[in-house]
Amino acid sequence: MLKLNGITKVFGGLTALEDVSLEVQKGSITGVIGPNGAGKTTLFNIVTGLYTQTSGTVYLGEKNISFFAAESLAPLGLVRTFQNVELFGRMTVLENVMVGLHTKSSSGIISCAFKLPWQIREEKQIRENALHWLEFTGLADEAGITADNLPFGKGRLLEIARTLAVEPQLILMDEPAAGLNSLETAELAKLIRKIRESGITIVLVEHDMELVMDVCDSIIVLNLGKLLAVGTPREIQENPAVIAAYLGDA
Amino acid sequence: MTKEKREIIMFLIFTLAVLAVPFFLQGSYFMNVLVFIGINTMLAVGLNLLMGYAGQISLGHAAFFGLGAYISGVLTTTYELNPWSALAVAAGANGGLAFVIGFPILKLRGHFLAMATLGFGIIMFIVFNETVAVTGGPSGLSGIPNLHISSLVFDNDMHNYYLIWSVTLVTMLLSINLSQSRIGRALRAIADSEVAARVMGVNARVLKVQIFTVSAVISAVAGSLYAHTMTFISPASFGFNFSVELVTMVIIGGLGSIYGSFLGAAILTMMPEFLRVLQDFDIIVYGLLLIIMTMYMPGGLISGFNQITGFIGGKIKGRGGSHA
């Protein structure tokens, strides 16, 4: 599904990622963990086209997406959420999800300005689809609320609803449980499994180890920009190198 | 009633009001002011698409207005082209220019974008002034022919009023449609979080340039209509001051509100008439107004109006509740 070959990213004199190669299996839930500064978010930014890697290649399926811009990845089915929840704050919850359907529609400026018949049909379709994803994520009651007025936990859900509207093959979630209470985290775990059941591959960066160990099939550990270990949750928990990285060398 | 129906009814009421006004307000002075309000509304709506929706500032929009006016003026006087064709050429040329300069300029953000558009405005102002052989320089360009449809010539106040306002109403309607479509949502998404919009597949770079182009085309049409109704143009109308005035109209009326742009345009067009007693000190009033608005009504008059009605509505409802 997703394959990284020898990704290196240098910021000035700082090497944020060094020769990272990894593979994500189709239909799996993969966790990316590591201490602060390990390069997890940098890795996401490179895969999603927000940063350009210094060297190395990224493949989505058979396609080399190494130098794709962020906006050209959604049509290929690759989307992400953000660590600091990037909602469209002044738009309603429904409109936020409707933006997620941007690539599923095609009316241009002219057809939108003149409200041509197919644009009206398309608009109706966008609205219906968006409502479907709000129901899927349990946000249907909040459809009319301005996103800025949403409680933080629901904001996280809305970000996920918005990515689902793209009908992606692969979602990268950057710390989806950060700032959630334990009840909300449990709900999130359920939602993540439900998304996987619909055939979508998920990669998540997360600090909440309970969540990671609970939902992930496979875990990738980064430390100081290097790949430290790959394995099942159990293998990772017992890996001495991982324990050393987290607790410090004895 | 759905939101969409409300929107249609609101537009119909507005249109009827516009059509009916000449029956109540007569006299060449009033009609002239109303024509100017129409032209300024067009300009404010065009700028609002860029500022209020896409969240990109332009401090050089008077230049697009001026360019439209001059292209139309020069083509119909020096080259004796049909005014309608001149209007089309002005719109096309402005669109082309905006598209070409849009790509490098709109890569900039915030203050840098403001500076770049400001520079563009000043360059164009100098061009209008200095190319005396073409534009007539500071003393202006006169004898621009009126527009006409076969024997109907738009040469008196009443004709001009209906000409300008029909184009303004069409501009408003198309802009309202656009703002409620996937393009409008994508623009607002860019304004709120460009990075998230891009991840959702919105090509922010291209869309910003497209809306900048649309905005320039609207300004050119307004400029061309201005030239043909006034029959005389001079660079003084297209300087930096007018660019700032346009920005003020958009902000006072309400960013992201088409009717707000009309309100802002109406207020700023009429204000000089009331402020005439202050002479050159009127700029202080504009400044104060802008400060007060951004401090206490950042959403502009339209949202302030909604706040007030909401507040009163809430009070009435609250009282009803306590009685029940």
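Colleague: Of the contacts in chain B between residues at least 6 apart in sequence, what share joins residues at least 24 apart?
Modeller: In this predicted model, that share is 77%, where contact requires C-beta atoms, placed from the backbone, within 7 Å. Local features need pLDDT of at least 70 and side-chain atom pairs count only at pLDDT 80 or more, while totals for chains, interfaces and linings use all residues. Residues are numbered from 1 along each chain as its sequence is written, chains are lettered from A and ligands numbered from 1, in the order in which they are written.

Colleague: How many helices and strands does chain B have?
Modeller: Chain B has 14 helices and 4 strands, taken as DSSP runs numbered from the N terminus (helices H or I, at least four residues; strands E, at least two).

Colleague: And how many residues of chain B are in contact with chain A?
Modeller: There are 24, and they meet 32 residues of chain A. The elements of chain B giving two or more residues to that side are α7 (157-179), α8 (182-192), α9 (194-199) and α10.

Colleague: Which one gives the largest share?
Modeller: α8(B) does, with 7 residues.

Colleague: Turning to α10(B), is it mostly covered or uncovered?
Modeller: Mostly covered, since 24 of the 27 residues of α10(B) are buried, meaning 20 or more other C-beta atoms within 10 Å of their own, with C-beta atoms placed from the backbone. For chain B, 48% of the 324 residues count as buried.

Colleague: What comes just after α10(B)?
Modeller: Thr231(B), which takes a positive phi of about 60°.

Colleague: What does the C-alpha trace of chain B span?
Modeller: Along its principal axes, about 75 × 50 × 40 Å.

Note on methods
A residue is buried if 20 or more other C-beta atoms lie within 10 Å of its own, exposed if 12 or fewer, and partly exposed in between; C-beta atoms are placed from the backbone. Two residues are in contact if their C-beta atoms, placed from the backbone, lie within 7 Å.
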